[in-house]
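Let's take a look at the pockets of this model and at what lines them.

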Amino acid sequence: MTWMQHFAELRRRVLWTVAVFVIGFGVGWAVAPVALTWMTGPLMAVWPDGNLLYTGLTDGLMVRFSLATLIGLLVTAPMALGQLWAFVAPGLHAHERRVVWPILVLSPVLFVMGAAFAFYILFPTVFRFFMELNLDATVPTIVMPVTRDYVSFVIGLLKVFGIAFQLPLLMVLFNRAGILSRGAVVRARRYAIVGIIIVAAILTPPDVVSQLLLALPLWGLFEVGIFFLRD
């Protein structure tokens, strides 16, 4: 194929991906109220009589837009990865394809695992900690989180955990590319653990519980990644 033919194929695949995103966004817009109820589940489980607050006329619009965008991206991700693989696979050697396609398959799986870990394990613990801290204030207090801030907080942490769970894939990818050897990783294990703790402290809310709930899985994933590395 010529460069123009490659460009035409890339444009076609991008347009198909954009079309799927638009459809996913429309679906997300329709189901956003249900998604918001699901997203607030961990908070309401530890605060059954609580209420969230809209502080501006556009808050409802922005919350719905954020949820629709998130759902659109989730719907589009498998399609985008499939289109990416179909575009690059013909230009790869057999041994390169054996490395790349498992990464494209496992990456969204690990992302979902990380997001699920945050939603079902981290959120109940962290929200209970924060609500008890707020409600135990020594002055009269009305706790009413802003809906827009809550949705942004939840989506941000879901992304953080989904990306963090990509650690084993990155280790394997660098190893197969000849950048990272198993021996070097084993020798640097203690420094890697310290780095994991620092990253967890930066990416999570400023409490020890959430930092540990990110650092411990990352440490486990780091050890799993070592198992698949080559010398």
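Sorted by class, the lining of the second largest pocket has 11 nonpolar, 1 polar and 3 charged residues. Here Ala, Val, Leu, Ile, Met, Phe, Trp, Tyr, Cys and Pro count as nonpolar, Asp, Glu, Lys and Arg as charged, and the others, Gly among them, as polar. Bear in mind that this is a predicted model, where local features need pLDDT of at least 70 and side-chain atom pairs count only at pLDDT 80 or more, while totals for chains, interfaces and linings use all residues. Numbering starts from 1 along each chain as its sequence is written, and side-chain values use heavy atoms, with hydrogens and water left out.

A pocket is an open set of points on a 1 Å grid over the protein atoms alone, where a 1.4 Å probe fits, with protein on both sides within 12 Å along at least five of seven lines; lining residues have an atom within 4 Å of a point. Grid points are joined across faces, edges and corners, and the volume is the space filled by probe spheres set on the points.

| Largest | about 660 Å³ | Leu70, Leu74, Phe111, Val112 and Ala115 |

For the largest pocket, α1 (3-39), α3 (59-88), α4 (94-135) and α5 (147-164) each give at least two.

As for the fold, the protein chain has 9 helices and 0 strands, taken as DSSP runs (H or I, at least four residues, for helices; E, at least two, for strands) numbered from the N terminus. Of its 231 residues, 32% count as buried, meaning under 20% relative accessible area with a 1.4 Å probe, protein chains only.

Now the rings. Phe, Tyr and Trp rings (the six-membered one for Trp) pair if their centres lie within 6.5 Å, and that gives 13 aromatic pairs. Phe119 and Phe123 have ring centres 5.8 Å apart and planes at 65 degrees, so they are edge-to-face, a label for angles over 60 degrees. Both Phe119 and Phe123 are buried. They sit 4 residues apart in helix α4, so about one helical turn separates them. Ring pairs also tie Trp38, Phe119, Tyr120, Phe123, Phe127, Tyr150 and Phe153 into a cluster.

How values were computed. Buried < 20%, exposed > 50% of the residue type's maximum accessible area, 1.4 Å probe, protein only. Phe/Tyr/Trp six-rings, centres within 6.5 Å; stacked < 30°, edge-to-face > 60°.
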